[in-house]
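Dear colleague,

Please find below the structure that I am handing over to you, together with its sequence. My notes on it follow.

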Amino acid sequence: MTREGIRNIVILTGAGVSAESGLATFRGPDGLWEGHRVEDVATPEAFRRDPGLVHAFYDARRAKLQTVTPNLAHEALARLDEQWPGELLLVTQNVDDLHERAGSNRLIHMHGQVKKGWCLRCGNRFAWDGAMGTGAECPSCGGIGQVRPDIVWFGEMPYEMERIDQAVRDCDLFVSIGTSGAVYPAAGFVQTARYCGGRTLEINLEPSMGSFFFDESRMGKAAELVPRWVDELLA
């Protein structure tokens, strides 16, 4: 792919990118997410019903993050972020911090971050390492037991949607990497980009549910294909 006619780029990444670093994808073939029903660990209702289970689930995911490192796809996207002279926005559905650790800066976590907390008492959001649990204390207001993971659960609105939507409408190139194309609103970004005249590229292990919307699809491991694509674009 040449950079001719391309200035503004929006990149969407999903669980497939982090899977190559050793993190489980969002939902397995058995319909479970790391052994749990999504309804039991990823909804506001689940948190109200059994906060201990929800905290234990995300505490384990936070701990798992300490055992993995960014892969070549993360590193290539960080290199593109650093070297691309035009507008670039990396929108990730992932709640891990691997893009940051690789060096990406022009980044939005549309589904929140597992290493952040949100106090339901005062509304503040803050960095959080280690276990959170039901007795977590808010560093802002001192409230105890009112802190939840700063994760966008089912039934909640993803973060910074106005900014993301405008960037997708304005982009010359939209790229989707490692995502199933099954979860909205992210699954609809490619249609918006096409409608507004942007070129579209999919990089995925296998065709996504929205694969037919893309101008070009490249199938294979992100850690192999993304560095190659970035090299093409920066050449």
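I begin with helix α5, whose buried residues are covered by elements that include β1, α1 (15-19), β2, α6 (98-102), β7 and α9. Buried here means under 20% relative accessible area, exposed over 50%, and partly exposed in between (1.4 Å probe, protein chains only). Contact means heavy atoms within 4.5 Å, and helices (H or I, at least four residues) and strands (E, at least two) are DSSP runs numbered from the N terminus.

Please note that this is a predicted model, in which local features need pLDDT of at least 70 and side-chain atom pairs count only at pLDDT 80 or more, while totals for chains, interfaces and linings use all residues. Residues are numbered from 1 along each chain as its sequence is written, and side-chain values use heavy atoms, with hydrogens and water left out.

The buried residues of α5 are Ala73, His74, Ala76, Leu77, Ala78, Leu80 and Asp81. This helix has twelve residues and reaches 16 Å from its first C-alpha to its last, close to the 16 Å expected at 1.5 Å a residue; the expected span is 1.5 Å times one less than the number of residues.

In α9 (residues 222-234), the buried residues are Ala222, Ala223, Leu225, Val226, Pro227, Trp229, Val230, Leu233 and Leu234. Their cover includes β1, α5 (72-83), β7, β8 and β9 (216-219).

Leaving aside residues up to four places away in sequence, Leu234 touches Arg3, Arg79, Leu80, Gln83 and Trp84. Arg61, by comparison, is 173 residues from Leu234 in sequence and 35 Å from it in space, C-alpha to C-alpha.

All five residues of β7 (residues 173-177) are buried. Leu173, Val175 and Ile177 point one way from the strand, and Phe174 and Ser176 point the other way. Strands count as paired if DSSP finds at least two bridges between them. β7 pairs with β1 in the parallel sense over five bridges, and Ile177 is the bridge partner of Thr13. β7 is also joined by five bridges to β8 (residues 199-204), again in parallel, with Leu173 opposite Arg199.

β7, α8 and β8 make a right-handed β-α-β unit: with the strands pointing away from the viewer, the path from the first strand over the helix to the second runs clockwise. The loop between β7 and α8 holds Pro185, and a cis peptide bond with an omega of about 10 degrees joins Tyr184 to Pro185. Most peptide bonds are trans, and most residues other than glycine have a negative phi.

Glu160 is not a glycine, yet has a positive phi of about 55 degrees. Glu160 lies in the loop between β6 (147-151) and α7 and, at 43% relative accessibility, is partly exposed.

In α7 (residues 161-170), Met161, Ile164 and Val168 are buried. Seen down the helix axis, the buried residues fall within an arc of 65 degrees, so they line one face of α7; the arc is that of the directions from the helix axis to the C-beta atoms. These buried residues pack against β1 (9-13), β2 (88-92), β3 (107-109) and α8 (189-195).

Strand β4

Six of the eight residues of β4 (residues 112-119) are buried, so this strand is largely enclosed by the rest of the structure. β4 pairs with β6 in the antiparallel sense over five bridges, and Asp150 in β6 is the bridge partner of Gln113. β4 and β5 (residues 125-127) pair in the antiparallel sense over three bridges, with Gly117 opposite Phe126. These two strands form a hairpin with five residues between them, and Gly123 in the turn has a positive phi of about 90 degrees.

Cysteines

The structure holds zero disulfides, a disulfide being a pair of cysteine sulfur atoms within 2.5 Å. Cys138 is in no disulfide, and the nearest cysteine sulfur, that of Cys119, is 3.7 Å away. Cys138 is buried, with a relative accessible area of 1%. Cys171 is also buried, at 4%, and the sulfur of Cys171 is 8.1 Å from the closest cysteine sulfur, in Cys196, which is too far for a bond.

With kind regards
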